[in-house]
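Here is a short briefing on one structure. Look over the sequence and the model first, then read the points below.

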Amino acid sequence: TLAPELAKLDLPALVVAGSEDHESLEPCRELAALLPNAHLEVIEGAGHVVNLANPSAFNQALTAFLEKL
């Protein structure tokens with residue numbers, strides 16, 4: 001498992017998942033929990049390809065994340 005290595009990463013991370021991506025949503029939650037400086041953004045109504053399913057919400061989440069840096 002990579003969990004111990006991920007927990008050592010000291011950098012901001014944005015994890016984006018679609019609320020309808022039933023295969024990836026839980027792994028994204030786990031990844032965000034493992035990374036000490038991560039933010040999880042779940043885009044409602046989006047599937048696996050979040051940036052295509054809801055580009056406006058994706059861009060807003062990414063812009064907000066980058067502005068905090």
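Helices here are DSSP runs of H or I with at least four residues, numbered from the N terminus. The model is predicted.

**Salt bridges**

- Side chains of opposite charge can pair when their charged atoms come close.
- How many salt bridges does the structure hold? There are 2.
- One joins Arg29 and Glu26, with the closest N and O atoms 3.8 Å apart. That value falls within the 4 Å cut-off for a salt bridge.
- Arg29 and Glu26 both belong to helix 2, which spans residues 25–34. They are 3 residues apart, so about one helical turn separates them.
- Arg29 is partly exposed, at 40% relative accessibility. Glu26 is also partly exposed, at 41%.
- Glu5 and Lys8 form a salt bridge through their side chains, at 3.4 Å from N to O.
- Glu5 is partly exposed at 46% relative accessibility. Lys8 has a relative accessible area of 59%, and it counts as exposed because the cut-off is over 50%.

**The buried face of helix 2**

- Which residues of helix 2 are buried? Leu25, Cys28 and Ala32 are.
- Viewed down the axis of helix 2, its buried residues fall within an arc of 60 degrees, so they line one face of the helix.
- What covers these buried residues? The cover includes strand 1 (13–18) and strand 2 (38–43).
- Helix 2 thus carries buried residues, Leu25, Cys28 and Ala32, as well as the partly exposed Arg29 and Glu26.

**A nonpolar surface patch**

- Leu62, Leu66 and Leu69 make up a nonpolar patch on the surface. Together they have about 280 Å² of accessible area.
- Leu62 lies in helix 4, which runs over residues 55–68.
- Leu62 is partly exposed, at 31% relative accessibility.

**Asn51**

- Asn51 is partly exposed, with a relative accessible area of 38%.
- Asn51 and His22 are 29 residues apart along the chain. Their C-alpha atoms are separated by 16 Å.

Note on methods: Residues numbered from 1 in each chain as written. Predicted model: local features only at pLDDT ≥ 70, side-chain atom pairs only at ≥ 80, totals over all residues. Heavy atoms only, no water. Buried < 20%, exposed > 50% of the residue type's maximum accessible area, 1.4 Å probe, protein only. Helix = DSSP H or I, 4+ residues; strand = E, 2+ residues; numbered from the N terminus. Arc of directions from axis to C-beta. Contact = heavy atoms within 4.5 Å. Patch = residues over 30% accessible without salt bridge, like charges linked within 9 Å, V, L, I, M, F, W, Y side chains within 5 Å. Areas by Shrake-Rupley, 256 points an atom, 1.4 Å probe, with all protein chains shown as cover.
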